[in-house]
Amino acid sequence: TGEMMQRVRELEGELSTKHLAMVDVSMRALQLEGDLEAIQSCNQSEVAQLRAQATSLRRQLEENRAEAADSAGAAQRDLRGAKSALRQQGAAMEAEVMALKAAVSQLEAEGEA
């Protein structure tokens, strides 16, 4: 149960890290687009280079988004599996407690008889 909870925390951390990376790439792409507008009067080769960088960053952003979506889906499936396993373990423990209580009650009844 502790291992599963640790795994859940790890998966949540991975999701957070991937989300932050996606936001970082997005912000950088927006910054480059702003830079492009600010230097329209610059040398055409510099503008072409910045456009290529922006295009590359957009492509990277889309790849990161797809990867983050895949990771999020996998993490959600893992979380559901971990929650299900925890519920099953809880039910098994509850059944064991009930059996132990019944045994104690039986022993007490035998002791009184």
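Buried here means under 20% relative accessible area, exposed means over 50%, and partly exposed is anything in between, using a 1.4 Å probe and protein chains only. This is a predicted model, so a pLDDT of at least 70 is needed for local features and 80 or more for side-chain atom pairs, while totals for chains, interfaces and linings use all residues. Numbering runs from 1 along each chain as its sequence is written, and side-chain values use heavy atoms, leaving out hydrogens and water.

**View 1. The buried side of helix α1.** Val8, Leu11, Met22, Val25, Ser26, Ala29, Leu32 and Leu36 are the buried residues in α1. They pack against α2, where contact means heavy atoms within 4.5 Å. Helices are DSSP runs of H or I, at least four residues, and strands are runs of E, at least two, all numbered from the N terminus.

**View 2. Arg58 meets Glu33.** This is one of two salt bridges in the structure, a salt bridge being a side-chain nitrogen of Lys or Arg within 4 Å of a carboxyl oxygen of Asp or Glu. The closest N and O atoms of Arg58 and Glu33 sit 2.5 Å apart. Arg58 belongs to helix α2 (residues 44–112) and Glu33 to helix α1, so the pair ties together parts 25 residues apart in sequence. Arg58 is partly exposed at 37% relative accessible area, and Glu33 is partly exposed too, at 27%.

**View 3. Arg65 and Glu62 within helix α2.** Here the closest N and O atoms of the salt bridge are 3.0 Å apart. Arg65 and Glu62 are three residues apart, so about one helical turn separates them. Residues three or four places apart point the same way, because an α-helix has 3.6 residues a turn. Buried or exposed, or something in between? Arg65 counts as partly exposed at 38%, as does Glu62 at 45%.

**View 4. A nonpolar surface patch.** Patch members have over 30% relative accessible area and no salt bridge; like charges are joined within 9 Å and nonpolar side chains (Val, Leu, Ile, Met, Phe, Trp, Tyr) within 5 Å. Leu30 sits in helix α1 (residues 2–38).

Note on methods: Areas by Shrake-Rupley, 256 points an atom, 1.4 Å probe, with all protein chains shown as cover.
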